[in-house]
Amino acid sequence: MKKYNFNAGPSILPREVIENTAKQILDFNGSGLSLMEISHRAKDFQPVVDEAVALIKELLQIPEGYAVIFLGGGASLQFHMVPNNFFVKKAAYLNTGTWAKKALKEAKFFGEVVEVASSADKNYSYLPKGWSVPEDCDYFHITSNNTIYGTEIRKDLDVKMPLIADMSSDIFSRPIDVAKYACIYGGAQKNLAMAGVTFVIVKEDMLGKTGREIPTMLDYRTHIEKGSMFNTPPVVPIYSALETLRWIKKNGGVEAMDKLAHERADLLYAEIDRNKLFKGTVAEEDRSLMNICFIMNDEYKDLEKPFFEFATERGMVGIKGHRSVGGFRASCYNAMSVDGVKELIACMKEFEDKH
């Protein structure tokens, strides 16, 4: 039976990315050594980093003046690294979910933080509207896609201060105007690579302006200067990122990924809205294309566990919703096929027919 991986993260990767990475784990570039055991300073590995950086810049059309680096620690470490590198007197944050709230918490170690707006009052089921950012803030931080709650800011905001975005779960799913951002970062285990590496895209002339000394490992300039090689980088995850970037380019780039994201989401949301058993959890205008959350209608609550078991038996993996929302969550990252979504829809229709 074919399995369809709807896990929120670590999540689905293109099959050829898995297979090509596995080959290099057995024998890296014909060296007779595994990718897992070579030195990151081996002559064969530097080209991996160089090509991965070049592909990120090409796919996202990153302008001059930006650096791309690979780090460890996930997006969670970036919650602290961002204020380390950008916070001077005051920062602004948009609170749209668990991860945005965690980022805001870390910034408070550095001084005054303005919560520009929050959707916590309705369990983050919508994106706040009508907010404004104080112009004296050093930067404005957003989380573009909220994996737990299923909302997404699928556009590049226009603000008067440096914009910083956690794009862990929607990077490479649409074209981005990188010039509007001072920094974009994210854990890679959604649309880019296996878990274990973090990407950071940062505007270099924005750095070094905090007026204080930054710990060496937490200073972006350290890693830019050393080309992500200041300390031992996560070699295998970086290689899997390279394979994913090659796959994205071969399959039409971020424009094609954007088209597929809309196709998958349109199909699944249409079924959620049609099917008598289910309902969406998010305001329609704010629905994520990456993480599609839905629950049973109130009169069918007792069918939640039976549907989960029914779908799992038919190869739908990882569709259980986060405990903060309940119900179901179908994560539709770049590597999820339209056929996979159609199979989930078929399960929903068949279960409706039975009940």
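**A loop residue and its surroundings**

Modeller: Leaving out neighbours within four places in sequence, Leu13 is in contact (heavy atoms within 4.5 Å) with Ile18, Ala193, Met194, Thr244 and Ala335. The model is predicted, so local features need pLDDT of at least 70 and side-chain atom pairs count only at pLDDT 80 or more, while totals for chains, interfaces and linings use all residues. Residues are numbered from 1 along each chain as its sequence is written, and side-chain values use heavy atoms, with hydrogens and water left out.

Leu13 sits in the loop between β1 and α1. Such labels number the DSSP runs from the N terminus, with helices being H or I of at least four residues and strands being E of at least two. With a relative accessible area of 18%, Leu13 is buried; buried means under 20%, exposed over 50%, and partly exposed in between, with a 1.4 Å probe and protein chains only. One of its contacts, Ala193, is 180 residues away along the chain, yet the two C-alpha atoms are separated by 7.3 Å.

Pro10 also has its place in the loop between β1 (4-5) and α1 (15-26). The peptide bond joining Gly9 and Pro10 is cis, with omega at about -5°. Most peptide bonds are trans, and most residues other than glycine have a negative phi.

Two other loops hold residues with positive phi. Tyr124, in the loop between β4 (112-118) and β5 (140-143), has phi near 55°, and its relative accessible area of 7% makes it buried. Ser228, in the loop between α5 (220-225) and α6, has a phi of about 70° and is buried at 4% relative accessibility.

Thr244, another contact of Leu13, falls within the residue range of helix α6 (235-250), whose axis comes within 7 Å of that of α7 (253-274), the two crossing at roughly 80°. Here axes are lines fitted to C-alpha atoms, for helices over the stretch in contact, and angles run from 0 to 180 degrees between N-to-C directions. α6 and α7 are therefore roughly perpendicular, the class for 65 to 115 degrees; under 35 is roughly parallel, over 145 roughly antiparallel and the rest oblique. Trp247, Ile248 and Lys249 of α6 meet Gly253, Val254 and Met257 of α7. By class, four of these residues are nonpolar, one is polar and one is charged. Nonpolar covers Ala, Val, Leu, Ile, Met, Phe, Trp, Tyr, Cys and Pro, charged covers Asp, Glu, Lys and Arg, and polar covers the others, Gly among them.

Some residues give a sense of accessibility and distance elsewhere. Gly30, in the loop between α1 and α2 (46-59), is exposed at 62% relative accessibility, and its C-alpha atom is 32 Å from that of Thr222. Gln46 lies in helix α2 and is partly exposed at 32%. Its C-alpha atom and that of His322, 276 residues apart along the chain, are separated by 39 Å.

Finally, helix α3 (residues 74-86) bends by about 30° at His80, with Pro83 following within four residues. The bend is the angle between axes fitted to the seven residues ending at a residue and the seven starting there. Buried residues in α3 include Phe79, Met81, Val82 and Pro83.
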